[in-house]
Amino acid sequence: MITFGTIGNIGGDDNQKKGKSINGEVDEKVKVLIIGSGPAGLTAAIYTSRAGLNPVVYEGMEPGGQLTTTTEVENFPGYPEGVTGPVLMEDIKTQAKRFGADIRWGSITEVDFSKRPFRAIVDNEKLIEADAVIIATGASAKYLGLESEQKFKGKGVSACATCDGFFYKEQDVAVVGGGDTACEDALYLSGLCNKVYMIVRKPYFRASKAMQNKVMNTPNIEVLFEHVTEEIYGDDDGVKGMKLIKQGNEEVNINVSGVFIAIGHHPNSEVFKQYIETDETGYIKTQPGNTKTNIPGIFACGDVQDPVYRQAISAAGSGCMAALDTERFLIEEE
Ligand code: NDP
């Protein structure tokens, strides 16, 4: 289980005020501020704490990052029998704390990266100054953008099969998407639910061959290729079904009580966009071969700067790189 160890830090400081201004009185000065607590942020915390840089980590909205919403992780080196996402993240966090990383509950709500020391506000309440910043804010689930999807969010519509699948035990559910996440979700749900529909908009999957094969060989998963979700409907008790459009014209209705959206993610870079260069989809641009952003002293690692690999191990690797880049930067500055 993930524990929110330092939740008591927020709101406990007399200097913290609601609606803190970025130009206001600084509440705390730190050497290295790490924003985000997935594999990238926590690996950066291990390296910077071992280097004596006393990093302060703000965990963000999803402590432990996306891996805390997965079940089995079989491809992270060092776990020959596999490990669950939450256990893996708790292990990395414990390792970072062992070297003194100060890991805190809270999200960065505003920044001023126009000059050093950089400024960041935590939860609109506390102003921090940092000599260097490591951005490791990851990516978040995308939704279809339907009004009906919004209406039933938390009442039948979810973007996390492993968090919410249990509530649909022995019922019929649907997974929207054709990538590895959608396949993984469908496979997970197939073990809990009576039947799982996969709604794939193209005539083929985007997922890896191995995942596709697993899905196609699971008897209680039915894949509906070339189907687009038009509406999710239900009543006060929750979702009852979906209206789909097959091949652009034919209406198809399916009875389901849960709809799991698994259509990809968007990088969590909004709060930095005034200062930090991103690509057209919002992924932070880093220099080839290192983690430097367009601002010296600000580094980015993990999924927020990686539209390609997006793996826990590649995120952890780039977290290590960001920590070493930060250490070198601070040595040169001194
Ligand atoms: P992907 O971007 O790979 O796939 C998204 C899927 O959702 C595609 O099938 C896409 O369709 C579909 N989609 C996107 N928008 C819509 C929409 N509006 N309506 C309907 N369908 C839509 O995202 P994933 O989250 O699946 O994977 C992200 C990365 O993480 C990948 O690199 C993947 O390999 C990796 N991953 C690896 C895992 C593992 O190794 N165990 C597990 C999970 C993810 P279309 O193809 O038509 O664009």
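**Aromatic rings up close**

A: Let's start with Tyr275, which counts as buried because its relative accessibility is 19% (buried means under 20% relative accessible area, with a 1.4 Å probe and protein chains only). A quick note on the source: this is a predicted model, where local features need pLDDT of at least 70, side-chain atom pairs count only at pLDDT 80 or more, and totals for chains, interfaces and linings use all residues. Residues are numbered from 1 along each chain as its sequence is written, and side-chain values use heavy atoms, with hydrogens and water left out.

The structure has 8 aromatic pairs, meaning rings of Phe, Tyr or Trp (its six-membered ring) with centres within 6.5 Å; planes under 30 degrees apart are stacked, over 60 edge-to-face, and the rest tilted. Phe113 and Tyr275 make a tilted pair, with 5.9 Å from centre to centre and 50 degrees between the planes. Phe113 sits in the loop between β6 (108–112) and β7 (118–122), and Tyr275 in the loop between β18 (265–267) and β19 (298–300), so their pairing ties together parts 162 residues apart in sequence. Those strands are DSSP runs (E, at least two residues), numbered from the N terminus.

Phe113 is buried too, at 3% relative accessibility. Both residues belong to one aromatic cluster along with Phe118 and Phe272.

Definitions and conventions: Helix = DSSP H or I, 4+ residues; strand = E, 2+ residues; numbered from the N terminus. Buried < 20%, exposed > 50% of the residue type's maximum accessible area, 1.4 Å probe, protein only.
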